[in-house]
Number of protein chains: 2
Amino acid sequence: MHSFSRTTFLNLFVVCLAVGKATASSKICSWENNKDSSKGDCADGMESSKLKYAPPSISTSPIEVPAKILMGPGPSTPHPRVLQAGAAPLLGHMHPEFFRIMDDTQAWLRYGFQTSNTATLAVSGTGHAAMEMAVANTVEPGDQVIVGVNGIWGERMTDIAARFGAKVIPMETKPGTVFSYEDVKAALEKNPGTKIVFVVHGESSTGTLQPLAGLGKLCHEQGALLFVDTVCTLGGVPLNVDADELDIVYSGSQKCLGAPPGASPLTLSDKATAKLAARKTKVQSYYFDLNEVGPYWGVGGAARKYHHTGMVSNVYQLREALAMLAEEGLEAAWARHQQMADRLYEGLKQLGLELFVEDPAARLPTVTTIKVPKGVNWADVPAFLMKKYKLEIAGGLGPTAGQVWRVGIMGFNAQPRNIELLLVALKDALTHVGFLKDEKVV
Amino acid sequence: MHSFSRTTFLNLFVVCLAVGKATASSKICSWENNKDSSKGDCADGMESSKLKYAPPSISTSPIEVPAKILMGPGPSTPHPRVLQAGAAPLLGHMHPEFFRIMDDTQAWLRYGFQTSNTATLAVSGTGHAAMEMAVANTVEPGDQVIVGVNGIWGERMTDIAARFGAKVIPMETKPGTVFSYEDVKAALEKNPGTKIVFVVHGESSTGTLQPLAGLGKLCHEQGALLFVDTVCTLGGVPLNVDADELDIVYSGSQKCLGAPPGASPLTLSDKATAKLAARKTKVQSYYFDLNEVGPYWGVGGAARKYHHTGMVSNVYQLREALAMLAEEGLEAAWARHQQMADRLYEGLKQLGLELFVEDPAARLPTVTTIKVPKGVNWADVPAFLMKKYKLEIAGGLGPTAGQVWRVGIMGFNAQPRNIELLLVALKDALTHVGFLKDEKVV
């Protein structure tokens with residue numbers, strides 16, 4: 001692959017050079033020449049280095065990466081088509097061809113989110129960047145924000161919102177459970193003047209799926225905005241931003257969409273952008289200021305304007321992942337994730353394992369939390385799976401640390417071959433650690 | 001390439017499945033099945049869509065990107081080896097193999113920066129993210145910061161520093177010129193109590209190279225830290241962070257290093273991290289808080305700790321670019337960039353063009369600003385070069401808008417074939433727009 005690309009590239013130059021008579025510089029000092037000379041012949045007068053620090057004694061050989069199957073809570077294994085887009089020729093961040101790719105990416109993000117929000121884009125950073133950008137623009141110092149905490153992501157939000165000046169009111173429920181409509185209603189009534197209510201749609205640390213129906217309307221009746229983390233749900237679980245009146249919604253690329261981390265979906269309703277427009281204070285970030293980034297993405301039909309150098313290659317990969325989601329169809333993708341989860345639950349039961357989330361309706365199909373059986377050292381199972389199968393599952397995080405295994409069924413991994421492989425490998429591992437009787441796994 | 005990767009991937013599964021007896025789910029609903037069925041057969045009961053929004057009517061064909069030669073102020077054309085790393089199998093952000101890649105990346109960044117700073121890492125975002133992370137950690141509300149403004153990047157810093165609560169004191173000089181040692185000394189003496197002085201090493205909007213010698217020591221004598229933008233210089237222009245006592249230094253991946261944008265170098269001296277440790281206020285960002293990100297990168301020998309999902313593929317590409325820089329040697333790379341710039345200056349003179357930066361010592365070798373001759377519409381030349389040669393050069397930015405062309409000679413593009421191609425293509429363009437006599441370009 002490498003040689004092919006390189007040859008093509010060199011040919012391009014040869015073709016270009018053929019149109020004119022090139023006058024070579026008297027000193028020919030190309031990258032290749034320099035590289036081939038251990039003495040750095042091209043560095044006139046620099047034969048003896050004056051550098052304070054020599055190059056580190058580590059191998060400069062081309063990168064080698066093992067091919068793992070990533071079935072932890074993310075990143076998930078990307079489809080080869082998605083990965084390959086990361087090696088496509090680089091475009092400038094202001095080139096019309098890249099704007100076209102951005103346009104398509106936004107159109108598909110709107111489809112994935114089921115929204116017509118003009119303020120829909122991919123944040124230049126990982127999921128946390130989208131989370132922070134969402135907060136930076138919509139939370140103004142002094143704003144009262146109710147944060148639903150039933151796992152690590154709610155906890156994280158209490159931290160981030162406070163850094164941006166929010167008066168944070170935690171609303172808690174036991175890890176492994178979700179908030180009811182009544183919980184949210186009570187919290188809003190108890191805390192008049194609340195500007196924003198935050199909940200996590202798919203809490204990957206505990207494996208819960210937060211029902212969203214009615215919450216948007218409820219918040220709006222109380223003059224608040226609804227802010228939702230969909231990092232583990234976009235593209236894998238039914239999500240209807242407009243129909244459910246969600247205002248501030250962010251996600252990640254490396255979960256159900258199956259792209260590498262780096263370009264993270266964000267959408268804001270008109271109510272949310274109106275709150276931004278009405279701010280009395282400047283956004284506490286330049287990088288994340290939607291007033292600055294928005295025009296770069298053409299938000300609101302604005303003329304394209306340079307803000308920062310976009311994540312060109314990451315957007316390529318996100319574009320591929322979204323194109324594949326559109327080809328499949330959103331409802332088909334949702335159904336596929338649910339069916340694979342159902343098959344996983346069935347298989348886990350056959351292995352004698354129990355799910356951490358007791359209420360079936362509260363189970364997140366994309367990240368399943370499995371109770372570590374008594375007498376089993378949790379770390380032994382992921383270690384065995386990685387060693388023998390190069391297959392990743394994870395342990396718990398935050399409130400579930402040491403108590404559960406977490407299995408991701410997301411994107412390209414949400415298909416029968418992955419589930420069946422996982423189940424047979426898990427059986428092997430559980431036998432290895434002595435939880436299952438020592439029967440030959442064939 | 002696509003088929004090859006995919007086949008390999010499928011084989012991996014076949015091998016894995018062979019070890020156990022897989023029980024297929026009664027409903028087989030794979031991604032491929034879904035994709036091949038326009039009716040979404042796998043979405044039980046969802047044959048008629050209940051979605052509010054249908055998929056947008058845009059082509060979902062695999063991405064197609066023209067192969068351009070990027071000789072504007074950045075991004076620069078990556079070497080194929082660097083690009084290809086973006087398609088390498090994805091690792092988890094907490095996998096030991098990825099930690100090893102991070103370690104190597106940091107070691108080479110220290111070499112590139114010529115520093116032993118433990119706080120050296122790649123920020124998860126583009127150059128602006130590194131700029132903002134540098135500010136977020138080192139500027140505390142109320143800090144007096146002298147910002148050298150001689151182009152767009154100094155202006156940008158006045159904005160960002162103010163958002164993080166700095167009392168900004170602009171120190172100005174005419175675009176196309178740089179600050180002398182005496183300028184900085186006078187600014188410090190006029191503004192006692194200054195905590196930080198910011199200058200731009202390579203000002204890409206004007207094409208100037210800021211001399212750094214002595215500035216670090218000067219700042220330290222006055223109790224201030226020296227903060228330097230090296231986005232356009234790291235790996236292309238002599239830069240010695242420790243020897244020149246620079247405290248806060250950030251860069252980009254997509255300039256002289258020649259990687260796609262997305263993982264951006266940052267290094268902080270012990271003085272800078274001590275300032276962070278002594279903060280009375282929390283960093284106004286979670287994503288950029290070095291107290292949180294540092295352990296993820298093992299800064300200070302800390303045990304690895306999850307902070308956010310690292311930019312795995314971007315770090316691969318940065319790692320490749322840095323490995324190639326180490327292979328070549330830093331001094332050789334610096335010399336190569338200077339020699340290519342010298343050849344460009346010579347060629348431009350032969351074409352009757354003048355440089356925007358009058359003082360030869362103040363010229364940035366990596367981004368050259370060329371005066372647009374009278375009577376020439378600046379936009380016609382880049383348009384001609386792009387159309388005929390798929391070769392990018394840029395117009396001015398900020399104070400140079402409409403006045404100059406900007407040519408980047410960075411990384412993989414800093415070699416004779418690029419310079420000679422550019423000169424012959426520029427001659428063609430200048431003839432086309434009537435600046436040069438209509439002679440046949442052969």
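Student: In this predicted model, is the crossing of α12(B) and α14(B) left-handed or right-handed?

Tutor: The crossing of α12(B) and α14(B) is right-handed. Two further quantities complete the description: packed helices are characterised by the angle between their axes and by the distance between those axes. Here, helix α12 (residues 330-350) of chain B packs against helix α14 (residues 416-432) of chain B at an angle of about 15°, and their axes are 10 Å apart. Angles under 35 degrees count as roughly parallel, so α12(B) is roughly parallel to α14(B).

Student: Which residues of α12(B) and α14(B) make the contact?

Tutor: From α12(B) come Met340(B), Arg343(B), Leu344(B), Gly347(B) and Leu348(B). The residues of α14(B) include Pro416(B), Ile419(B), Glu420(B) and Leu426(B).

Student: At what angle do helix α4 and helix α11 of chain A pack?

Tutor: Helix α4 (residues 96-113) of chain A and helix α11 (residues 312-328) of chain A meet at an angle of about 45°, with axes 9 Å apart. They are therefore oblique to each other, and their crossing is left-handed. Among the residues in contact are Phe98(A) and Trp108(A) of α4(A), together with Tyr316(A) and Leu322(A) of α11(A). The contact of α4(A) with α11(A) comprises twelve nonpolar residues, one polar and two charged.

Student: Turning to strands, which residues of β8(A) lie on one side and which on the other?

Tutor: In a regular strand the side chains alternate between the two faces of the sheet. In β8(A), Leu225(A), Phe227(A) and Asp229(A) are on one side, and Leu226(A) and Val228(A) are on the other. Both faces are covered. Five of the five residues of strand β8 (residues 225-229) of chain A are buried, so the strand is largely enclosed by the rest of the structure.

Student: Which strands pair with β8(A)?

Tutor: Strand β5 (residues 196-200) of chain A runs parallel to β8(A) and is joined to it by five bridges; Val200(A) stands opposite Asp229(A). Strand β9 (residues 248-250) of chain A also pairs with β8(A) in the parallel sense, over three bridges, and Ile248(A) is the bridge partner of Phe227(A).

Student: What is the order of the open sheet of three strands in chain B?

Tutor: The order is β11-β14-β13, with antiparallel pairing. The edge strands, β11 (367-371) and β13 (394-395) of chain B, each pair on one side only. Five bridges connect β11(B) with strand β14 (residues 404-408) of chain B, where Thr369(B) stands opposite Arg406(B).

Conventions. Residues are numbered from 1 along each chain as its sequence is written. Chains are lettered from A and ligands numbered from 1 in the order in which they are written. This is a predicted model: local features need pLDDT of at least 70, side-chain atom pairs count only at pLDDT 80 or more; totals for chains, interfaces and linings use all residues. Side-chain values use heavy atoms; hydrogens and water are left out. Axes are lines fitted to C-alpha atoms, for helices over the stretch in contact, and angles run from 0 to 180 degrees between N-to-C directions. Helices (H or I, at least four residues) and strands (E, at least two) are DSSP runs, numbered from the N terminus. Angles under 35 degrees count as roughly parallel, over 145 as roughly antiparallel, 65 to 115 as roughly perpendicular and the rest as oblique. A crossing is left-handed if the near helix is turned anticlockwise from the far one by less than a right angle, and right-handed if clockwise. Contact means heavy atoms within 4.5 Å. Two strands pair if DSSP finds at least two bridges between them. Buried means under 20% relative accessible area, exposed over 50%, partly exposed in between (1.4 Å probe, protein chains only). Ala, Val, Leu, Ile, Met, Phe, Trp, Tyr, Cys and Pro count as nonpolar, Asp, Glu, Lys and Arg as charged, and the others, Gly among them, as polar.
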